[in-house]
Amino acid sequence: QVQFVESGGGLVQAGGSLRLSCAASGSTFRLFALGWYRQAPGKQRELVAGISSGGRTNYADSVKGRFTISRDNAKNTVYLQMNSLKPEDTAVYYCNKRSSYEEWGQGTQVIVSS
């Protein structure tokens, strides 16, 4: 079983930036396709960005050009750099596999004020 621990969230003004980190347990991290997901109040959880085991990335239309996903296999960590943040980005952000989901972690809260 793989566990994920998200960190880096916080309160930021519109237009600001945050860098989220997700540390994973296990010895097969390099084999996973990973994703950052978010869940806003009253909304379903959605995929924000994905990265394959080979480093290919994809993004939700709502964040293209503003967010960047990356991974460091040596550190078992995936990152989400978030720039030009908008109030609509307010949500709890989670990391998980792109398939065969593990148990969801506690997530990290991002609040963007106007």
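Residues are called buried under 20% relative accessible area, exposed over 50%, and partly exposed in between. The legends below describe a predicted model.

**View 1. The aromatic pair of Tyr37 and Tyr101.** At 46% relative accessibility, Tyr101 falls between the two cut-offs and therefore counts as partly exposed. Tyr37, at 4%, is buried. The ring centres of Tyr37 and Tyr101 lie 5.8 Å apart with the planes at 85°, so the arrangement is edge-to-face. Distant parts of the chain are linked by this pair, since Tyr37 belongs to strand 4 and Tyr101 to the loop between strand 9 and strand 10, 64 residues apart. Ring pairs also connect Tyr37, Tyr94, Tyr101 and Trp104 into a cluster.

**View 2. The aromatic pair of Phe29 and Phe32.** The count of aromatic pairs comes to five. In the pair of Phe29 and Phe32, the ring centres are separated by 6.4 Å and the planes stand at 65°, so this pair is edge-to-face. Phe29 is buried at 1% relative accessibility, and Phe32 is buried at 10%.

**View 3. The largest nonpolar core and the surroundings of Leu80.** This core comprises 28 residues, and Trp36, Phe67, Val78, Leu80, Met82 and Tyr93 have the most contacts inside it. Two or more residues are contributed by each of several elements, including strand 4 (34–39), strand 8 (77–82) and strand 9 (91–97). Strand 3 supplies the largest share, four residues. Leaving aside residues up to four places away in sequence, Leu80 touches Leu18, Arg19, Leu20, Trp36, Ala49, Phe67, Thr68, Ile69 and Tyr93.

View 4. Strand 4 and strand 5 run antiparallel and are joined by five bridges. Within strand 5, Gly50 is the bridge partner of Gly35.

**View 5. The buried cysteines Cys22 and Cys95.** Cys22 has a relative accessible area of 0% and is therefore buried. Cys95 is likewise buried, at 0%. A disulfide is a covalent bond between the sulfur atoms of two cysteines. A search of the whole structure finds zero disulfides.

Note on methods
Residues numbered from 1 in each chain as written. Predicted model: local features only at pLDDT ≥ 70, side-chain atom pairs only at ≥ 80, totals over all residues. Heavy atoms only, no water. Core = buried A, V, L, I, M, F, W, Y, C linked by side-chain atoms within 4.5 Å. Buried < 20%, exposed > 50% of the residue type's maximum accessible area, 1.4 Å probe, protein only. Contact = heavy atoms within 4.5 Å. Disulfide = S-S within 2.5 Å. Pairing = 2+ DSSP bridges. Phe/Tyr/Trp six-rings, centres within 6.5 Å; stacked < 30°, edge-to-face > 60°.
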